[in-house]
Each structure stands twice: as structure tokens, then as C-alpha cells.
Amino acid sequence: MFDRFLIRKLTRPTSSNSPQSSGWLDTQEPVHSFKPPKARFHPSKMNVLVYSGPSTSPTSLSHTLSTLRANLLPNYAVQPIAPQSIVTHPWAATCALLVVPSFLASASPIAPNASAAVQRYAEQGGKVLVLGARVSPSTEPDAIMTLHDPASTSYYSILRLHNDDLSVTTTTLVSHEDGTVASVPIGRGVVQVWGANLEYPTGEGMGGEGKVVQILRESLSNLGLVLPAQHSGIARPTAQVLTGAPWRPAVVDCVLKALDVADLSTAGENGYELKDSNDTFLLHPASAAAGVLGKDPSERYPSDNPDTWNPKHIVVYGSGELPQREYTPRFDIQAYYTALADARKERGCPESYTDERWGFGEALLYGDVVTSTQTMLDKNTRLLTSLPSPLLSLATSQLTGRGRGGNVWLSPPGCLQFSLLLRAPLSALPAQKVVFVQYLAALALAEACRDASVLGDAAGARVRIKWPNDIYAELTGTGERRKIGGILVNTSFGAGRVELVVGSCAGCGLNVLNPPPIASLAQLLPPGSEQLPTMERTLAAVMARFERMWAEFVAARGSFEPFMDLYLDRWLHSDQLVTLTTVSPARKVRVVGITPDHGLLRTLPERDGWAGAQAIEYIDLQPDGNSFDLMAGLIKTKT
């Protein structure tokens with residue numbers, strides 16, 4: 001791709017009489033290879049944030065996000081961050097890299113308070129990557145940002161790069177024939193500046209996709225990021241399969257009837273078309289499985305643009321039929337239903353239902369690769385309002401998953417990703433009690449991990465709940481707490497009922513088999529354990545647990561009282577002293593519990609000295625808009 005890197009070590013002249021006294025002394029030494037320092041994964045720094053201010057080039061911003069996601073998922077979540085968030089939100093503690101895309105030619109510089117936040121982040125060891133820019137070892141009035149290195153007392157101006165200017169003057173320079181990559185120290189951190197930018201989706205501006213990807217990956221590794229294995233191309237959605245538990249042969253027919261789908265045997269080669277508000281679906285009979293499930297997704301969807309990934313294809317298996325194993329190589333549907341039968345028996349789930357109903361997990365829509373299990377249900381009005389419940393949507397990999405507050409959830413293979421459609425009349429589940437559903441689902445996930453079929457009591461006890469919607473694990477040996485999953489509940493009200501899509505950050509996510517650096521259930525077992533958890537047994541255990549809890553929850557009209565003691569025993573926060581940053585000035589408060597009426601987090605302010613016989617003053621916090629920063633002991637605004 002390019003023969004070698006050229007490293008230049010440039011230092012300030014020691015004498016004012018030096019012919020280069022206004023700049024740098026060049027002591028360049030060409031070498032045949034450049035090996036960046038070994039990258040080290042920081043488990044608390046999982047975010048790569050991309051500056052999205054009004055001055056950034058929209059094209060560069062869009063393709064910077066897509067290119068970084070293609071090369072960093074699943075190890076990091078890549079998200080835009082607005083200038084105001086840089087100033088007001090505590091983003092630095094979880095940020096592995098801050099990226100600044102190229103600026104528009106007529107754009108204003110980064111605001112001083114945002115620039116100051118970047119300066120603090122870099123000084124404290126942060127890594128910054130600036131695209132389409134150059135560096136000057138001085139302060140210049142037209143800089144988009146000026147940074148200061150306290151150790152050397154040097155100032156560096158980051159300037160927009162003109163089309164005819166690829167020169168970069170700095171302390172360490174890595175150059176190649178297509179541009180420059182420069183690096184300057186700022187305190188304990190580093191700012192790396194590219195002479196090129198990402199204005200093109202496949203890197204045409206830097207000599208082709210392979211070249212820009214190689215240069216980018218070298219730069220990211222040089223900045224200390226741990227990169228996943230490089231993949232070829234962008235994944236596309238695969239066809240899905242709709243099945244029912246073998247002991248419930250009428251499930252699939254009930255689903256089709258609810259959707260007003262005619263006899264699929266007469267649908268023809270193209271299948272039955274079902275148009276919805278967000279997607280179009282083509283339903284095929286099981287007899288068409290070879291042609292539908294066996295087709296290469298890249299042939300079905302040749303474009304990289306997700307907006308063109310329609311229609312979605314579903315092969316329907318009725319009367320207890322199941323797809324051949326070769327069509328679902330990463331999830332054994334037969335093994336799942338076997339495990340579900342065992343889990344239902346152990347938990348005492350009903351053997352039969354009335355009114356053509358069935359249990360949790362007994363109606364399954366599965367795809368090896370899907371866009372998002374969550375959006376497929378809650379963004380398609382016809383499916384959301386017509387599908388009978390409960391219906392489980394499951395994927396091995398997701399391409400556009402989302403989480404609470406718009407966060408991107410890492411959804412690689414090994415993560416159990418599902419969304420469950422539920423429905424209840426408001427007479428049984430009043431609107432003000434819906435907030436407890438996320439707590440109930442989190443408790444079901446945590447309790448399922450204790451099942452003998454998953455981790456057992458000893459290892460499962462290290463799976464805990466972080467308010468309001470995250471699942472954490474206490475790692476073996478270090479006791480470090482790492483996120484392994486989370487819950488997201490989307491609701492829709494109408495016609496005297498509530499429809500809920502219960503999932504987590506891209507559906508319902510639980511890391512089961514992921515290898516490091518991503519934390520997962522498998523890592524909680526001692527090395528050499530004879531039986532690791534499986535996706536199939538874990539999902540079955542969750543479904544059986546959740547069904548029993550849901551039935552009791554709805555029977556009590558949404559009361560969380562039957563579960564409160566167990567929930568508080570499984571969460572991480574009892575009597576925890578934290579700093580509440582959502583009030584001004586910030587206050588020290590102690591976590592007391594959850595209010596039984598509206599599910600708010602109840603805290604009690606710490607008092608200095610003898611307070612006397614004063615009334616108790618609680619501060620109650622809503623789950624939406626607030627979150628725990630466990631590492632910093634903060635309750636902060638959700639970003």
C-alpha cells in the first residue's frame with residue numbers, strides 16, 4: 001500500500017541564532033517500518049466521540065462516523081457529541097478517543113469553553129484525532145483550536161488545511177505519499193492531526209478503500225485503541241425465520257391470521273408482500289427456504305446504504321416445523337426450544353393457555369443478521385399493533401442497534417440480542433406503573449444467570465443490576481465491575497392498552513460468550529470449566545423467569561412490591577454515597593431505594609454535623625435523564 005513510513009523527530013533550536021529559530025530543527029531519520037506502541041484496552045473507556053458542531057463538514061462528519069464504526073465495532077461505541085455536551089456533560093471519563101472531522105472553509109473556530117474542555121481532556125491523558133487539518137507551533141488567529149502543552153510550555157494551533165497545503169510542522173511526523181499524520185503531546189495525552197479527511201464513504205480521496213482503512217487503522221492503533229479483526233465489506237441483513245414451539249403447533253398460524261396474511265402456499269416465487277411504516281416484508285413458505293435463506297445477502301442488497309435494505313425476507317415455518325440447522329448456523333433453534341421446555345417446567349410455567357395464547361419465547365422470529373430487533377417492532381406500526389403477544393425477535397448480530405438516550409450498543413456475535421413484544425390492558429397495567437417494566441426485565445436477566453443451566457448460583461451471584469437499566473458483572477479476581485447488558489422499554493398507548501417492546505440497547509442485550517476485551521458471562525466461570533453458558537440455554541432461562549414475574553406483576557396491577565426486596569438485593573447501590581450533579585451546587589446524597597409508587601430513585605442528602613429533629617428531605621430522581629457513573633460515584637445527566 002505504501003512502502004514505508006518516515007518518522008521525523010523535530011525539536012526547538014537551542015540558539016536564537018539558529019537559521020530555523022522560528023520553527024523546528026529537523027533531525028529526521030528514515031526507517032523501514034513504524035511500529036506504534038502496543039495498544040492497551042481500557043475497559044472503562046468504551047466510547048469514541050465525534051465532534052458534531054455546526055462548523056464541521058456534514059459530509060466529513062457522516063463518513064467519519066460510518067468509517068470509524070466499521071473499523072471499531074464491537075470494541076468501541078462510536079457516537080457524535082455536540083459542542084454543548086462537550087462543555088456540560090462528564091464525557092471524558094468514558095472516552096477512548098475524541099475525533100474532530102474537517103471544518104467547513106468558512107466555519108468559525110471551536111468555542112473557547114469547548115476548546116478548554118478538549119484541552120483538559122488531553123492534559124489528563126486523553127487522545128484526540130483531528131482530520132483535514134495542519135499544526136503550527138505558535139498561536140495563530142485563524143486557528144480552529146489552540147492547545148497548550150504544560151510540560152514544554154508550547155502552544156499548537158490547529159488550522160484548516162488548504163487544498164494545496166499538505167505540510168505539517170510538529171514534534172513527531174508520520175508521512176506517506178497521500179498526506180500527513182502528525183502527533184503533538186498535550187500533557188499526558190496526545191493530539192494526532194491528519195492532513196487528509198474522510199469526505200468519501202470508501203476513501204476515494206486517499207487512493208481507495210484499502211489504503212484509507214490501513215492508514216486509519218494504523219493511526220487508531222498508534223493512539224492506543226484495540227482494534228477488532230478487520231472484516232471485508234459491510235454486513236447486510238439476512239433472511240429471518242418465523243417459528244413456534246413444537247408443542248404449540250398453532251402459534252405461527254395465529255401470527256399470520258393476525259396480520260391478515262393469505263395462504264402462503266399460493267404466494268408465488270416472490271412471496272407475500274407486507275408493507276409497513278418503516279419496512280416492507282416478503283413472507284415465504286418453508287418450501288422456499290433454500291432459495292431465500294441460501295441467497296447471499298450482498299446479492300440481495302448490493303448497496304452499502306442501509307436505506308436500500310428493503311424488502312426484508314421472512315421464511316415461515318408452521319405446524320411445529322423448524323428450519324434445517326444449516327440455515328441458522330449461529331443459533332440452534334431446536335436446542336433453544338428443548339432448553340425452553342426444561343426451563344418452563346422448572347419455573348412452573350403453564351402447560352396450556354386459553355384464547356389462542358402462548359408463553360414467553362414460544363413464538364420466535366430469528367435472523368442471523370438484522371438491522372435492529374427493536375426498531376423492526378416499534379417502528380413498524382402494523383407489526384406493533386397487529387402481532388399477537390408475546391412475540392420474541394432475536395438476532396445473532398445487529399447492524400443499527402440503539403440504546404437509551406440514543407447510545408449505540410455494541411452488538412457483536414456472542415451478545416444475546418432480543419426484543420420481546422408484550423401487551424396489556426391499562427386496567428391491568430396503569431400507565432404510571434410502566435416504569436417498573438425495565439426494573440422487572442433487569443431482574444429477570446440477573447436471576448436467569450443464577451440458573452444451573454447458565455452460570456449457577458456462585459458465578460451468577462456476580463451479575464448485578466445498575467440503576468436504572470444496566471446489567472453489570474463483578475469480574476473474577478479483580479472484582480472490577482463491567483457492563484454486560486442493559487434494558488430498553490419502548491411503549492405505545494392506545495385503545496385502552498399499552499404495547500411494550502422490551503429489550504435493551506439494540507433490543508435486549510446480554511453478553512454471553514464474548515471474548516475479552518468485551519466482558520461477558522463466560523468470563524465469570526473459572527478457567528477450564530466443563531460447561532460454558534450457551535445462547536440457547538441463556539435465552540430460555542430468561543424467558544421462563546420473565547414470564548412468571550410478568551404474570552405476577554400484571555396480576556398485582558403493576559405493583560413492584562412483590563419484587564422490591566429481591567431487586568434491592570440484586571442491585572449495586574444500597575446505601576451508596578454519590579455526588580448528585582443534576583442540582584446546583586452538586587450535593588452528596590445516599591441511595592435509599594426506589595419509590596414504590598412511581599419507580600423513582602430515592603436519595604437522602606448527607607448532613608454535616610448535628611441536624612437536630614429535622615424532617616427527612618428526600619431527593620427523588622427519574623430513571624429517564626439520569627444515570628450512575630459508577631467509576632466516579634456520580635449521578636449525572638444522561639448523555
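The crossing of helices α8 and α13 is right-handed. This is taken from a predicted model, and the text below covers helix packing, cavities and some backbone features.

**Helix α13 and its two partners**

Helix α8 spans residues 333-347, and its axis comes within 8 Å of the axis of α13, with a crossing angle of roughly 35°. On the α8 side, the residues in contact are A335, Y336, A339, L340, A343, R344 and R347, and they meet E536, R537, L539, A540, A541, M543, A544, R545, E547 and R548 in α13. By class, this contact holds ten nonpolar and seven charged residues, with no polar ones.

Helix α13 (residues 535-555) also packs against α11, where the two axes come within 8 Å and cross at roughly 140°. That angle makes α11 oblique to α13. The handedness of this crossing is right-handed. From α11, the residues F436, V437, L440, A441, L443, A444, L445, E447 and A448 take part; from α13, the residues A541, V542, R545, F546, M549, W550 and F553. The contact of α11 with α13 is made up of 14 nonpolar and two charged residues, and no polar residue belongs to it.

**Helix α11 against α14**

Helix α11 covers residues 436-448 and helix α14 covers residues 561-570; their axes come within 10 Å and cross at roughly 60°. The two helices are therefore oblique to each other. Here α11 passes α14 in a left-handed crossing. Y439, L440, L443 and E447 of α11 touch F563, L566, Y567 and R570 of α14. Six residues of this contact are nonpolar and two are charged, while none is polar.

| Helix pair | Axes come within | Crossing angle |
|---|---|---|
| α8 and α13 | 8 Å | roughly 35° |
| α11 and α13 | 8 Å | roughly 140° |
| α11 and α14 | 10 Å | roughly 60° |

**Cavities**

A search of the whole structure gives four cavities of 30 Å³ or more. The largest cavity has a volume of about 140 Å³. Its lining consists of 13 residues, and L259, I314, L365, L383 and L387 are the ones nearest the centre. Strands β16 (280-285) and β17 (312-316) are the elements that give two or more residues to this lining. The lining of the largest cavity has 13 nonpolar residues, with no polar and no charged ones.

**Backbone features in loops**

S389 and P390 are joined by a cis peptide bond, with omega about 0°. P390 sits in the loop between α10 (381-386) and β19 (391-398). Another cis peptide bond, between S584 and P585, also has omega of about 0°. P585 belongs to the loop that runs between β27 (577-580) and β28 (587-594).

T153 is a residue other than glycine with a positive phi, near 55°. The position of T153 is in the loop between β9 (145-149) and β10 (154-160).

Note on methods. Residues are numbered from 1 along each chain as its sequence is written. This is a predicted model: local features need pLDDT of at least 70, side-chain atom pairs count only at pLDDT 80 or more; totals for chains, interfaces and linings use all residues. Side-chain values use heavy atoms; hydrogens and water are left out. Axes are lines fitted to C-alpha atoms, for helices over the stretch in contact, and angles run from 0 to 180 degrees between N-to-C directions. Helices (H or I, at least four residues) and strands (E, at least two) are DSSP runs, numbered from the N terminus. Angles under 35 degrees count as roughly parallel, over 145 as roughly antiparallel, 65 to 115 as roughly perpendicular and the rest as oblique. A crossing is left-handed if the near helix is turned anticlockwise from the far one by less than a right angle, and right-handed if clockwise. Contact means heavy atoms within 4.5 Å. Ala, Val, Leu, Ile, Met, Phe, Trp, Tyr, Cys and Pro count as nonpolar, Asp, Glu, Lys and Arg as charged, and the others, Gly among them, as polar. On a 1 Å grid over the protein atoms alone, a cavity is a set of points where a 1.4 Å probe fits but cannot get out, and a pocket is an open set with protein on both sides within 12 Å along at least five of seven lines; lining residues have an atom within 4 Å of a point. Grid points are joined across faces, edges and corners, and a volume is the space filled by probe spheres set on the points.
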